[in-house]
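Let's go through this model together, one question at a time.

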Amino acid sequence: MTVLFDLVLCALMLLAALAAIGGRGLFRATVFFVAYGITVALAWVRLGAIDVALAEAAIGAGLTGLLLLGAVARLRRAGAPEFPVRAGLVPALAAAGVAGATGWVALRVPGAGGLWTEAGEALPLSGVENPVTAVLLNFRAWDTLLESIVLLAALLAVWALAREEEWEAPVGPPLHARPGGVLEGMARLLPPVGIVVGVFLVWAGASQPGGAFQGGTVLAAVGLIAALAGLVALPRPDSGSWRTALAAGPAVFLLVGASGLALGGLLLFPPDWAKAMILTVEVFLTLSIAATLALLVLGPPQPRRMP
Amino acid sequence: MTGEVALAVLLLGPLLAALGCLLAGRQGSTVALLALIAGAAAVVVLWDGMLRTGPIEVRLGGWGAPLGIVLRADGLAVGFLAAAVVVMGAVWAVARHDFATPRARDVFWPSSMLLWGALNAIMVSRDLFNLYVGLELLTLTAVAMVALGRGPGAIEAALRYVLYALMGSLVYLLGVVLVYHGHGTLDLDRIAAGRSGADALALGLMTAGLAIKTALFPFHAWLPPAHAGAPSPASALLSALVPKAGFVMLVRLWFEAMPDATPPAALAVMAALGAGAILHGGLMALRQERLKQILAYSTVAQLGYLFVMFPLVGGAGAGTAGAAEAWAGTQIGAFSHALAKAAVFLCAALWIRAIGSDRLADLAGLARAMPLSCFAFGMAAVSLMGLPPSGGFIAKYLVMRASFELGLPGWGLVLAAGGLLAAAYFYRPLAALFAREPPRVQRTPRLLEAVPLALALAAAALGVLSQPAYDLLQAGAPAYARGIGP
Amino acid sequence: MTGSVVLFVVTASALIGIGLWGFLVQAHLLRRVLAFNVVGSGLFLLFGALGWRGGGVDPVPQALVITGIVVALAATAVALWLVGRFAEETGRADLPEDRREDRQEKSSAGGRP
Amino acid sequence: MSAIALPDVLTIVLTGLGLLFFLAGTVGLLRFPDTFSRLHALTKADNVGLGLVALGVALQAETWGQLARIALVWVLALVAAGLVAQLVARAALVDRRLRG
Amino acid sequence: MNALPVVILLTSLLPAAVTFFLPQEQHAWRNGLNLGGAVIKLGLVVVLMGAVAEGIEPEARLPLAPGLDLVLRADDLSLLFVSLSAFLWLLTTVYAISYFGEKPELSRFFGFFSLCVAATTGLALSGTLITFFVFFELLTLSTWPLVAHKQDDQSLAAARSYVLYALPGSVAVLVAIIWLEGLVGTVAFAAPPDLSGVDRWSLTLIFVLFVGGLGVKAAIVPLHGWLPGAMAAPAPVSSLLHAVAVVKAGAFGIVRVVYDIFGVARVQELGLGTPLAVVASVTILWGSVRALQQMELKKRLAYSTVSQVSYIVLGTALAGPFGTIGGLVHLVHQGIMKITLFFCAGLYDERAGARRIEQLDGLGQRMPWTSAAFSVGAMGMIGLPPIAGFVSKVYLGVGAVQSGELWVLAVLGASTLLNAAYFLPLLWRIWFLPPQTEGIGATPIPFAAVDERVPGLVVPAMLTALTSVAAGLFAASAFSPLGWATLIAGGAYSP
């Protein structure tokens with residue numbers, strides 16, 4: 001029974017992917033991409049990796065879809081022409097070659113068993129019960145630290161696109177939400193629920209699927225709705241408070257990591273302190289991730305000229 | 001213990017400094033200066049510790065190889081850390097005057113610190129996925145700097161750079177997935193211990209990905225517009241340091257992680273691509289009208305030099321003294337290229353500030369108006385051409401001698417031809433500088449001109465005092481690089 | 001390997017193939033970024049599927065995939081904003097080297113600025 | 001097949017009905033001429049369909065927590081559907097007046 | 001004692017480093033520094049001469065990389081060239097100081113000028129092939145700005161062609177060195193490598209690469225194209241370049257290759273002696289014929305240099321001690337005589353504005369000292385006793401007979417005639433023809449106003465002329481160039 005479900009799911013995934021890439025209109029392609037993202041999240045659920053399913057749905061389908069939609073609108077505003085999909089034999093052969101080889105090798109070569117056992121043994125010392133969070137925030141904390149810095153670097157790259165004279169202007173697209181309208185009403189209703197869900201996700205991350213990134217994405221979504229509805233003033237790149245929010249997460253992570261030096265090793269979380277240290281890091285990290293993701297979606301500062 | 005503290009300063013310092021620069025706004029450059037001083041001190045401590053006790057290994061979080069991430073500062077890594085600090089310091093000195101507007105200042109200083117931090121992280125990391133994240137951070141900061149460029153093509157160059165980089169990192173990641181599936185670990189030394197059927201395909205994919213990131217010949221289309229479009233102090237960083245990260249990763253993969261997964265034919269293909277880069281880069285540089293474009297194509301060519309060593313170090317010559325010479329020569333060549341290329345780009349930065357354009361026609365006669373920076377440009381060009389006295393020459397000599405000893409003289413002649421080509425495309429700007437009537441020049445403080453001169457002299461000094469550089473490379477070098485059998 | 005995991009591995013490889021084909025053949029920049037994301041999610045799916053043990057997926061690949069997704073998002077955001085800025089400046093959505101003049105450009109329904 | 005427990009039968013019946021409503025909504029989407037009638041079909045049919053499916057699944061929930069979550073999902077979906085329908089309708093109206 | 005070669009090198013390296021940063025108006029400092037450096041260098045060379053005469057061969061070693069050490073070592077052959085360059089550098093510095101006076105960009109000029117001499121000294125004192133190559137390259141780099149000093153189109157074109165010839169030549173030498181070291185390991189001049197194991201074909205190719213690469217600098221015929229063009233450089237540069245630094249470096253290199261690497265016996269055994277002699281002879285004749293056709297004084301002297309340098313190459317190509325001595329001693333004699341001619345050419349150009357041959361008419365009356373020096377130099381070049389030129393030609397002739405290459409005698413005879421053909425008319429015009437007052441022959445400076453009495457220019461010319469005569473007269477003494485050459489040749493032929 002379950003294999004049939006997986007078959008249908010995989011078929012759906014492939015169809016959605018083909019429609020997203022080969023689809024006629026840009027808007028249609030983006031919509032199919034979001035649908036594709038959801039099916040991939042489902043696939044992760046089927047594989048039993050709930051943390052990743054959450055991340056894929058929230059970030060892979062959600063935020064990326066939002067960015068794509070924003071880009072489609074901007075391209076349309078800029079009047080960039082669309083043109084039909086081109087077939088191409090050589091690229092097709094190359095792509096099929098790589099994919100075929102990868103699939104063939106992945107199936108033929110016996111797996112080396114991965115680090116399931118090592119992670120299991122080290123879990124009690126890691127200070128958290130969820131093995132994924134243990135890997136993310138303890139065993140491979142250095143990766144996650146660099147990853148949070150990557151988000152900041154991406155934001156700097158996006159802000160670099162602003163023209164010189166626009167630097168003082170607030171970020172984000174031109175707003176045309178009707179004051180007192182449905183969007184504003186919604187923007188008042190949703191945030192409390194969103195914040196509860198987000199915080200729960202971060203807190204639950206220690207023992208069940210969840211974590212800083214997934215929680216941060218939900219909080220970012222909440223922030224976006226409030227900002228797009230005009231309830232919250234759109235931030236400006238040179239505003240001190242927003243920059244502190246951006247820098248808080250990585251800074252705490254760095255300082256906690258450095259403090260490990262005194263305890264005998266870089267990025268060392270001694271077992272009995274680990275849970276407390278990881279949670280403090282996670283709280284600040286979530287704050288920064290939410291701020292960075294929201295600002296990434298809002299984009300570089302743009303003048304308030306109406307379309 | 002002090003080694004680990006020094007490494008911590010070099011890894012966490014730049015990242016903290018970047019956050020500091022973001023918050024400090026106007027005082028961004030001062031925060032950067034503090035970080036650079038700390039970084040320089042840390043490199044000296046590492047260098048000394050390295051020579052005394054061999055490579056410094058750090059098990060992050062105390063977890064050790066399979067589960068956690070291991071960092072190792074061996075001779076090669078410390079050499080690049082030192083080169084990075086020197087180049088960053090020089091770029092800091094010149095960039096202080098350049099990025100006046102709030103937008104440029106608030107993006108350049110944090111990004112440059114992040115770039116430096118990412119480079120340090122990549123040089124010392126022994127974990128494949130950690131290398132991926134470091135490489136991605138390096139690329140995004142580099143894209144940010146290219147996007148800062150004021151010229152018309154800057155946005156297009158940044159876009160092409162990001163597209164190439166995206167696909168490069170994904171292809172590399174595909175290789176990493178296959179390695180994890182085959183070996184069950186991501187640590188270089190543990191991968192070297194085991195064998196897996198997926199090694200060949202994994203290495204092929206990782207090499208393709210890194211070749212795109214290092215702008216090796218067929219995948220170099222993104223580099224010239226990006227490095228010419230970026231503001232000059234930034235292109236000094238981009239050309240001198242960024243492609244070296246991909247190259248070091250390739251060297252570690254091919255010769256430390258999977259030495260015998262590479263058939264001799266593949267080694268020859270890498271060197272052939274390098275030769276193609278030397279030829280194509282050189283010929284294209286001959287046809288450019290703007291100085292920064294010449295320097296950008298020169299980077300494409302000089303990167304080709306680094307790949308000529310592959311068939312000499314691996315394959316038949318593996319483990320012989322010749323292989324160790326070729327390896328050491330190439331690394332010294334990489335260090336001196338970093339110093340010299342940074343020097344010539346910083347000269348371009350000063351000249352663009354002084355006369356507003358880098359077209360060869362407008363540069364005519366600059367030797368009279370700005371003698372110091374023109375002399376620096378000449379010195380650095382000498383090193384890039386591989387003429388004595390310079391690090392470039394020592395590198396060319398060592399690799400050529402190794403190629404003759406190992407019975408593959410063809411690759412040595414490629415280097416010789418490359419040197420001639422470099423002389424050809426550097427001659428045009430040099431002759432232009434020497435023309436008679438100096439252009440109208442906006443006053444540049446003499447101290448600023450001394451910065452590229454210091455870098456050029458460092459590149460030349462690498463030619464005279466190359467023994468310490470050689471000893472550093474040998475300390476902690478993996479077996480294949482010490483002339484001892486694998 | 002049970003049947004469904006093999007299925008996921010095959011699908012993931014197919015997704016990588018489709019994405020790579022899309023990236024290489026498309027001229028429109030937005031579609032190429034979209035294709036990049038398809039390759040990314042396919043690749044992560046492959047990583048997860050290969051790490052499948054008994055009840056769930058080996059935690060290390062899970063963590064790496066989460067990190068990978070976030071990094072992919074960061075890169076996509078930069079790429080998309082660059083595409084937007086490039087379109088605003090040049091009024092086109094494809095890189096010069098991809099333009100083939102013989103292709104008849106069908107202008108979409110979007111309003112002219 | 002031995003007698004299936006009552007809740008399972010109900011779950012199958014309810015989810016089946018729910019799917020039927022979804023099908024109706026989709027047919028409406030494809031057949032109706034203009035945006036407004038399509039919106040009408042979608043919001044009505046899909047919301048009822050979702051309610052039925054949620055009810056069916058709720059029967060399988062073991063803990064109150066899961067039940068609360070399913071209810072939260074249903075409420076959020078309803079609110080979101082209503083909001084989006086409003087916005088799309090307004091956008092269509094503005095678009096028609098511009099091009100009208 | 002081992003540090004002596006390094007100190008000699010520093011006496012021109014340090015002044016170069018400091019002079020670059022001296023502002024233009026610091027004439028006193030700049031001249032003092034360079035002259036001081038030159039005098040100290042000459043003194044140290046004399047001390048070194050004493051040491052080497054007693055058989056001590058000081059050596060200094062700076063390790064660069066594995067198997068790549070910079071070695072400075074003084075042996076009799078290197079001393080011959082170092083003494084020549086030290087002596088002539090002092091005179092040329094004096095000459096250049098008064099030649100330039102207040103002209104612009106002097107710090108740059110004197111900086112590269114002393115860098116160029118440092119390269120020549122290093123090249124002469126080099127102990128291994130790779131050290132020789134490092135200084136060989138440094139010479140090219142430091143002479144480029146000197147040739148392009150005037151920064152006008154003509155000198156930039158000359159500098160361009162100079163680099164166009166020199167760099168491929170240096171690549172040839174580098175490939176030869178690396179190929180040889182790939183076969184026999186690091187090559188030191190003190191202990192000639194054992195080439196028995198190497199096959200004839202590679203040895204011949206390596207030899208051809210060496211001669212080709214070094215031949216560019218030694219201006220052997222097909223590769224001499226850059227030399228006449230380099231006349232666009234100011235007089236002190238063309239005199240130092242052609243009499244001492246660049247041209248002799250090439251010849252010195254070939255001498256090193258033939259004597260200290262291959263060994264005369266092996267060169268003959270490989271059958272390379274005769275072809276080298278043929279190439280040298282072709283150059284000698286071709287240079288003289290072209291010199292005959294030149295109407296500009298400096299161009300004529302340039303082509304004369306092309307042919308004269310090949311005497312040295314001819315000497316090395318002839319088997320037997322006399323040929324060797326002839327070649328070696330000509331290395332010094334040609335240097336002294338040619339620099340005299342260039343000093344005088346510079347004087348005629350600077351003081352009388354005479355560049356073309358016909359403008360020389362009657363200058364003997366107004367510029368007697370210069371013309372006297374010029375005549376001594378010219379006659380020396382032709383080979384008339386008692387001036388030095390005669391000694392080298394005699395030894396070369398005897399060497400030719402000794403090695404059984406009789407046709408070389410004919411070449412020497414013919415070239416002597418040709419020398420006479422392009423030098424004697426000059427002397428005739430200077431001393432016996434009346435000055436031309438106007439028309440194409442007249443010099444821009446009115447004849448009456450021509451005045452040569454600038455000590456800084458005339459004294460060096462006179463000194464070099466006297467040295468040429470002294471070298472000829474006291475050839476027999478141990479410390480004369482001939483004495484040194486015999487000492488070296490003795491070494492080359494002893495087993």
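**Chains and their contacts**

Along its sequence, chain A reads α-α-α-α-α-α-α-α-α-α-α. This is a predicted model, in which local features need pLDDT of at least 70 and side-chain atom pairs count only at pLDDT 80 or more, while totals for chains, interfaces and linings use all residues. Residues are numbered from 1 along each chain as its sequence is written, and chains are lettered from A and ligands numbered from 1 in the order in which they are written.

Q: How many helices does chain A have?
A: Helices here are DSSP runs of H or I with at least four residues, strands are runs of E with at least two, and both are numbered from the N terminus. Chain A has zero strands, and its helices come to eleven.

Q: What percentage of the residues of chain A count as buried?
A: A residue is buried if 20 or more other C-beta atoms lie within 10 Å of its own, exposed if 12 or fewer, and partly exposed in between, with C-beta atoms placed from the backbone. Chain A has 307 residues, and the buried part is 52%.

Q: How far apart are the C-alpha centres of domain 1 and domain 2 of chain A?
A: Domain bounds come from an automatic or database domain assignment. It divides chain A into domain 1 (1-111) and domain 2 (130-307). Their C-alpha centres are separated by 26 Å.

Q: How many residues does domain 1 of chain A give to the contact with domain 2 of chain A?
A: Two residues are in contact if their C-beta atoms, placed from the backbone, lie within 7 Å. Domain 2 of chain A brings twelve residues, and domain 1 of chain A also brings twelve.

Q: Which chains have the most contacts between them?
A: Five pairs of chains touch. The pair with the most contacts is chains A and C.

Q: Which element gives the most to the side of chain C that touches chain A?
A: This contact takes 77 residues from chain C and 82 residues from chain A. On the chain C side, the elements that give two or more residues are α1 (3-25), α2 (29-50), β1 (52-53), β2 (56-57) and α3 (59-90) of chain C. With 25 residues, the top giver is α3(C).

Q: Why does the radius of gyration of chain B agree with a compact globule?
A: The radius of gyration is taken over C-alpha atoms, and the globule rule is 2.2 Å times the number of residues to the power 0.38. Because chain B has 486 residues, a compact globule would come out near 23 Å, and this agrees with the chain's own 21 Å.

Q: Which element gives the largest share of the side of chain B that touches chain A?
A: Here 51 residues from chain B meet 50 residues from chain A. Eleven residues, the largest share on the chain B side, come from α5(B).

Q: Which residue is the bridge partner of E:Ala65 in β2(E)?
A: Strands pair if DSSP finds at least two bridges between them. Strand β1 (residues 59-65) of chain E runs antiparallel to β2(E), and six bridges join them. In β2(E), the partner of E:Ala65 is E:Leu68.

Q: How far apart are the nearest C-alpha atoms of chain D and chain E?
A: Chain D and chain E do not touch. Their nearest C-alpha atoms are apart by 69 Å.
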